[in-house]
Amino acid sequence: MKQFKYISKSPQDTSLVASQLASLVQANIILVLQGDLGAGKTLFTKAFCLSLGTTEAITSPTFNLMNVYSSNKTIYHFDLYRLEDEAQLDDIGFYEYTDIEDEVVIIEWPDKFWECMPEDYILVRIDKDMEQEDYRVITIEAIGNKYAELVEELQQ
Ligand code: ADP
Ligand code: MG
């Protein structure tokens, strides 16, 4: 099973899952974060990057499209919310980053650009729970084969 489902009851729970995922990162990783506004994509990113050792402030790159942080790896953090079409991905050099072998790439708001995502990545979907304000259903799935083992490790 390449999919892991987790019920988060607080921001702390979400951060915990993010750090667990980060602790399994060996070389490179591409994370794609899907979820409505306020679901917790940036919060997840923060905890993930902190666990990788970055000391820089993690902010949502909605206006500048991409932030770069250093940790033991370089982290490229994209937010595609404001982009309208695929040509703009080219303009911001998106594909140069998703082709990198040894870095960490985090992509928020893939929704308009599914066909532009790389072959292998980890999809993190965060769904709000209608009944409980702070509850989230977090689904972590390996797309492609490359990260299948990593997601299996996360389940254990
Ligand atoms: P996004 O980047 O998806 O738009 P943010 O990460 O910026 O969302 O914001 C998520 C907000 O939801 C934060 O204010 C966070 O404290 C709050 N929140 C409440 N419960 C949770 C939870 N279980 N997991 C993640 N965030 C939560
Ligand atoms: Mg965000």
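Helices (H or I, at least four residues) and strands (E, at least two) are DSSP runs, which I number from the N terminus.

I note here that this is a predicted model, in which local features need pLDDT of at least 70 and side-chain atom pairs count only at pLDDT 80 or more, while totals for chains, interfaces and linings use all residues. Residues are numbered from 1 along each chain as its sequence is written, chains are lettered from A and ligands numbered from 1 in the order in which they are written, and side-chain values use heavy atoms, with hydrogens and water left out.

**Helix H2 and what follows.** I listed the buried residues of H2 as Lys41, Thr42, Phe44, Thr45, Ala47, Phe48 and Cys49. After H2 comes glycine 53, whose phi is positive, near 100°.

**Tryptophan 109.** I then looked at tryptophan 109, which sits in the loop between E5 and strand E6 (121–128). Its phi is near 60°, a positive value in a residue other than glycine; most residues other than glycine have a negative phi. I count tryptophan 109 as buried because its relative accessibility is 17%.

How many salt bridges does a search of the whole structure find? The search finds 1, where a salt bridge is a side-chain nitrogen of Lys or Arg within 4 Å of a carboxyl oxygen of Asp or Glu. I traced a salt bridge to the side chains of arginine 125 and aspartate 127, at 3.1 Å, N to O. Arginine 125 counts as partly exposed because its relative accessibility is 29%, and aspartate 127 is put in the partly exposed class by its 28%.

Arginine 125 is in strand E6, and I computed 15 Å, C-alpha to C-alpha, between it and aspartate 13, 112 residues apart in sequence. Isoleucine 122 also has its place in strand E6, and it counts as buried because its relative accessibility is 0%.

**Two loop residues.** I looked up leucine 80 in the loop between strand E4 (74–79) and H3, and it is buried because its relative accessible area is 0%. Aspartate 134 lies in the loop between E6 and strand E7 (136–143) and counts as partly exposed because its relative accessibility is 45%. The C-alpha atoms of aspartate 134 and proline 11 are separated by 7.5 Å, although the two residues are 123 residues apart along the chain.

**Negative patch.** Last, I looked for charged surface and found a negative patch formed by Glu84, Asp85, Glu86, Asp90, Asp91, Glu96, Asp99, Glu101 and Glu115. A patch is made of residues with over 30% relative accessible area and no salt bridge, with like charges joined within 9 Å and nonpolar side chains (Val, Leu, Ile, Met, Phe, Trp, Tyr) within 5 Å. Which helix gives the most to the negative patch? Helix H3 (residues 86–91) does, with 3 residues. Aspartate 90 lies in helix H3, and I class aspartate 90 as exposed because its relative accessibility is 52%.

Definitions and conventions. Accessible areas come from the Shrake-Rupley method with a 1.4 Å probe; for residues, only the protein chains shown count as cover. Lys and Arg count as positive and Asp and Glu as negative; His and the chain ends are not counted. The place of a charge is taken as NZ of Lys, CZ of Arg, CG of Asp or CD of Glu. Buried means under 20% relative accessible area, exposed over 50%, partly exposed in between (1.4 Å probe, protein chains only).
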